[in-house]
Amino acid sequence: MIVISTNTTVTTLGPDSRPAALAQPGQEILFETLDCFGNYYYHTPQDQGDTMPANPATGPVAIAGAQPGDTLKVTIKKITISPTAMIEQIAGKGCLGKRVRRDAFQMVPLRDGAAQLFGRAVPLRPMIGVIGVAPAQAVPTLVPGAHGGNMDCANITEGAEVYLPVFVPGAQLALGDLHGVMADGEIGYSGLEVYGSVLVETQLLKGVRLANPVVREGETLYFIASGDTLDQAAETASLDLCDFITRYEGLSTRDTVMLLNAIGHLGICQAVNGQKTVKVGVQRRWLPCAPLG
Ligand code: CA
Ligand code: ZN
């Protein structure tokens, strides 16, 4: 097993990313992660430094043999999270920004498998906010896109698989921004932000070409896309799924469009980042020939 500590974090992913390690496909990798604030609030004031790191991801790790056009399958084998979470709210940010009178953050105890929130024990459902490879042009880890990144998809939980298109040799996998639990949309502008660690295993799918990330959780495949607006993201994710079905399932485009009215479930990953992210979920049993999962 390779361990990537929080000594190697990045706030940008791109073709010039320097890998922290080289992993073989099939080799386990343990990523130790900071929270999205770089663990800022856990430091004493004199250790905090001048600026808070913006959404750091741990890595990247080069995957041996990965080439542009491949698909990198990342199996999330285990997610371990800190005993407390941080929630922040910022005036004007997120869907609820108009109700935020003053910027605030709060430390939340995570106990007995639940977040103890205002008299309610909300069950934990640990997930990964940022997981991605290096895109062809460098972007901050705050940004989601075809390479993955800050998708904030609540389905990237323990046991899930993330399929990422590869853009640069070695793929350059990085992840961070764990959440103890986050509802679809992240409408208040914050997950329950935690630090922790993620154990993954990767596999290379040669000859499987994706335009955007796909996530499998349980029996559902989610086609993920990001865009300037939710409308644009919804269109991209829907078109990706349609093209995937016509390519692998042997259905005509005409029939696929009709079918997707019945089996394609549109949902929101996050509506609060600069680029918005949506998912279209489809049960795997409707895609018996898909080379995923
Ligand atoms: Ca995030
Ligand atoms: Zn986050």
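Colleague: Is G113 buried, partly exposed or exposed?

Modeller: The model is predicted, and the values discussed here are computed from it. A residue is called buried under 20% relative accessible area and exposed over 50%. G113 has 47% relative accessibility, so it counts as partly exposed. G113 belongs to the loop between β9 (104–111) and β10 (114–117). Leaving out residues up to four places away in sequence, G113 touches V122, P123 and L124.

Colleague: How does L164 read by the criterion of relative accessibility?

Modeller: L164 counts as buried because its relative accessibility is 0%. This residue lies in strand β16 (residues 161–165). Not counting residues up to four places away in sequence, L164 touches a set of residues including D70, L72, V74, I131, H147, L173 and P213. The C-alpha atoms of L164 and V200, 36 residues apart along the chain, are separated by 14 Å.

Colleague: Which residues have the most contacts inside the largest nonpolar core?

Modeller: The general idea comes first. In soluble globular proteins, nonpolar side chains tend to be buried together. In this model the largest nonpolar core has 40 residues, and I76 and I131 have the most contacts inside it. Strand β7 (residues 71–81) gives the most to this core, namely four residues. Beyond its neighbours within four places in sequence, I131 is in contact with residues among them V74, I76, M151, I156, V162, L164 and L175. A second, separate core of 24 residues includes Y163, F244, I245 and L260.

Colleague: Which residues of α1 are buried?

Modeller: An α-helix has 3.6 residues a turn, so residues three or four places apart point the same way. The buried residues of α1 are A233, A234, A237, D240, L241, C242, F244, I245, Y248 and E249. What covers them includes β21 (220–227), α2 (253–263), β22 (265–270) and β23 (276–283). Helix α1 (residues 230–249) has 20 residues and reaches 28 Å from its first C-alpha to its last, close to the 28 Å expected at 1.5 Å a residue. Just after α1, G250 takes a positive phi of about 70°.

Colleague: What radius of gyration does the protein chain have, and what would be the value for a compact globule?

Modeller: A compact globule of 293 residues would have a radius of gyration near 19 Å; the protein chain has 19 Å, so the two agree. Its C-alpha trace spans about 60 × 40 × 35 Å along the principal axes. The protein chain has two helices and 23 strands. Buried residues make up 53% of the 293 residues. Among contacts between residues at least 6 apart in sequence, 76% join residues at least 24 apart. The protein chain exposes about 13,200 Å², of which carbon and sulfur atoms supply 52%.

Definitions and conventions:
Residues are numbered from 1 along each chain as its sequence is written. Chains are lettered from A and ligands numbered from 1 in the order in which they are written. This is a predicted model: local features need pLDDT of at least 70, side-chain atom pairs count only at pLDDT 80 or more; totals for chains, interfaces and linings use all residues. Side-chain values use heavy atoms; hydrogens and water are left out. The expected span of a helix is 1.5 Å times one less than its number of residues. Buried means under 20% relative accessible area, exposed over 50%, partly exposed in between (1.4 Å probe, protein chains only). Contact means heavy atoms within 4.5 Å. A nonpolar core is a set of buried Ala, Val, Leu, Ile, Met, Phe, Trp, Tyr and Cys residues joined through side-chain atoms within 4.5 Å. The radius of gyration is taken over C-alpha atoms; the globule rule is 2.2 Å times the number of residues to the power 0.38. Accessible areas come from the Shrake-Rupley method with a 1.4 Å probe; for residues, only the protein chains shown count as cover.
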